[in-house]
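Open the model in your viewer and keep the selection tool at hand.

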Amino acid sequence: MDRIINFSAGPSGIPLPVLEKAKDEFLSYKGLGYSIMEVSHRTKVFEEVLFNAIAKVKNLYGFSDDYAVLFLQGGASLQFAQIPMNLSRGNVCEYINTGNWTQKAIQEAEILGINYKVVASSQDTKFDRIPDIPELDSNADYTYICSNNTIYGTQYLEFPKTKSTLVVDSSSDLFSREIDVKNVGLFYGGIQKNGGPAGVTLVVIKKDLAQRVSDKIPNILRYTTQIKADSMSNTPNTFGIYMLDLMLDWVYENGGLKGVDEKNTQKSNLLYSAIDDMSDFYKGHAQKNSRSKMNVSFNIPKNQDLEKIFVDQALKENMLGLKGHRILGGIRASLYNAVSLKDVEILVDFMREFARKNG
Ligand SMILES: *Cc1c(COP(=O)(O)O)cnc(C)c1O
């Protein structure tokens, strides 16, 4: 069977062994005669999937039992509102603005009327970098960052050393590298970029932090409600959680977070060095010390019409999803876990040929 080389930004490619396992079990999960989609979330069969996935998330990242792992709905976007609703208690909430996804989170803070402050931003240079982090307030209710900026292709090499609890949107670099969880109070992301299909939001939250919530917040929007109910206060996305669990097995089989990070480093190094080699033709968006290993955004400055031709020709050569986000334009290659080094080699060969013909 021919599979396309998938550089989509999200939803995005899922490793073939994961899809094959899901296919094998699709009609009859573990030989039980029904699909995992067709069974109550209140059964032992489904609970086992759920609790296995929770244990794997904790174990891979090194989250202690002080944290709860939740699988919610409403996308990462609901978290933009749910986070301030639950965690703001009147002290300042600090935001570091690194692009579209943090701007959306800031907008929700604004609408809710909480006390917030944008303490650093890279807007002045079109979000091509992670800004320097200023002195932060130790009394802040939280400090909010986006670990990897999907559109602009920038990423924190490491998380800032905040004095208050750190909130991290990791939607586009979930399960791609090890992280330092020491200051992390809430870590979240939609799984559709690097953890499976759309429809599940992973939220890892320190249990004591969740207790801050005021009784003015509706039950369904409180983390405490879902912690108590093991994410089953309402019916969760059972199939999505099952797919995530298979994806986590794949991460273990590929050397854990350390192993996949090594591959992701190789892949992104290969692509960035190609862009640098051909700097008379291609121009990367991110400044070098802020480059993302997950999303590589670049342009063809001398003739932007070539960008569309690039994307169309690449598709003819079996490479999907290279069109840049509409905000930034240009070209974007997303190098999530399912993309292999070989896939990136094929892209780089194509880029060389394209530059030679059109340079
Ligand atoms: C895609 C993305 C989101 C939005 O995710 P939804 O699940 O569609 O709400 C938020 N943050 C980042 C960093 C993203 O890449």
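Select helix H7 first: 12 of its 16 residues are buried, so H7 is largely enclosed by the rest of the structure. Keep in mind that this model is predicted.

H7 covers residues 238-253. From first C-alpha to last it reaches 23 Å, close to the 22 Å expected at 1.5 Å a residue. Now colour its buried residues. Among them are Thr238, Gly240, Ile241, Tyr242, Trp250 and Val251. Met243, Leu244, Asp245, Leu246, Met247 and Leu248 are buried too.

What covers the buried residues of H7? Show helix H1 (16-24), helix H2 (44-61), strand S2 (67-72) and helix H8 (256-277); the cover includes these. Then step past the end of H7 to Gly255, which has a positive phi, near 90 degrees.

Next, select a set taken from a record. An unreviewed UniProt entry lists Ala76, Ser77, Trp101, Thr150, Asp169, Gln192, Asn234 and Thr235 under "binding site". These positions span 160 residues of sequence and are also spread in space, with up to 30.0 Å between C-alpha atoms.

Zoom in on Asp169, in strand S8 (residues 166-169). Is Asp169 buried or exposed? It counts as buried, because its relative accessibility is 3%, under the 20% cut-off. Show its contacts: Asp169 touches Phe80, Trp101, Tyr144 and Tyr188, as well as Ile145, Cys146, Ser147 and Asn148.

Last stop: Gln192. Find it in the loop between strand S9 (184-190) and strand S10 (201-206). Gln192 touches residues including Gly10, Pro11 and Ser12. Pro197, Ala198 and Val200 are also among its contacts.

Conventions
Residues are numbered from 1 along each chain as its sequence is written. This is a predicted model: local features need pLDDT of at least 70, side-chain atom pairs count only at pLDDT 80 or more; totals for chains, interfaces and linings use all residues. Side-chain values use heavy atoms; hydrogens and water are left out. UniProt positions are given in the numbering used here, feature names are shortened, and annotations may be inferred rather than shown by experiment. Helices (H or I, at least four residues) and strands (E, at least two) are DSSP runs, numbered from the N terminus. Buried means under 20% relative accessible area, exposed over 50%, partly exposed in between (1.4 Å probe, protein chains only). Contact means heavy atoms within 4.5 Å. The expected span of a helix is 1.5 Å times one less than its number of residues. Lists of a residue's contacts leave out its neighbours within four places in sequence.
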